[in-house]
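Here are my notes on this model.

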Amino acid sequence: MVTHIDTALLDRRIADACRGCGDSAYDLGVAYSTGTAGAALDLVEAHKWFNLAAVRGIEAALTARAEISEDMTAREIANAQRAARDLLAGMQRRAA
């Protein structure tokens, strides 16, 4: 059961990750890869957040991303990579 607290925590993590916080991006990857903390199980979304965490220097994200990739199709991985690039581009536009 998803509670209001889980949803609020998830929303805060997304906001922090979109501001460049690698730890929050990693936490989101974990949440989406396990279907916890208010997140639905979604490997594409998890891969996207692990990508962003890796870009921010979170080493554990590299391993986590590789592990979930084993359970994904090439198309799902491509979609996750595209979503991560799009989010990064949007973050860079906002920062400029």
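1. The model is predicted. By class, seven nonpolar residues, one polar residue and one charged residue line the largest cavity. Its volume is about 40 Å³. A search of the whole structure finds one cavity of 30 Å³ or more.

2. Which residues line the largest cavity? They are A17, G20, C21, A25, W49, L52, R56, L88 and M91. Two elements, α3 (43-55) and α5 (74-95), each give two or more residues to this lining.

3. The largest nonpolar core has 24 residues. A25, L28, Y32, W49, F50, L52 and A61 touch the most other members. The elements that give two or more residues to this core are α1 (4-18), α2, α3, α4 (59-69) and α5. In soluble globular proteins, nonpolar side chains tend to be buried together.

4. W49 deserves a separate look. Leaving out residues up to four places away in sequence, W49 touches I14, A17, C18, A25, L28, G29, Y32 and L87. W49 also belongs to the cavity lining, and so do A17 and A25.

5. Helix α2 covers residues 22-34, 13 residues in total. From first C-alpha to last, α2 reaches 18 Å, close to the 18 Å expected at 1.5 Å a residue. Which residues of α2 are buried? They are G22, S24, A25, L28, G29, A31 and Y32. Among them, A25, L28, G29 and Y32 are contacts of W49.

6. Check the backbone just past α2. There, G35 takes a positive phi of about 70 degrees.

Conventions:
Residues numbered from 1 in each chain as written. Predicted model: local features only at pLDDT ≥ 70, side-chain atom pairs only at ≥ 80, totals over all residues. Heavy atoms only, no water. Helix = DSSP H or I, 4+ residues; strand = E, 2+ residues; numbered from the N terminus. Expected span 1.5 Å × (residues − 1). Buried < 20%, exposed > 50% of the residue type's maximum accessible area, 1.4 Å probe, protein only. 1 Å grid on protein atoms, 1.4 Å probe; cavity = no way out; pocket = protein on both sides within 12 Å on 5 of 7 lines; lining within 4 Å. Points joined across faces, edges and corners; volume = space filled by probe spheres on them. Nonpolar A, V, L, I, M, F, W, Y, C, P; charged D, E, K, R; others polar. Core = buried A, V, L, I, M, F, W, Y, C linked by side-chain atoms within 4.5 Å. Contact = heavy atoms within 4.5 Å.
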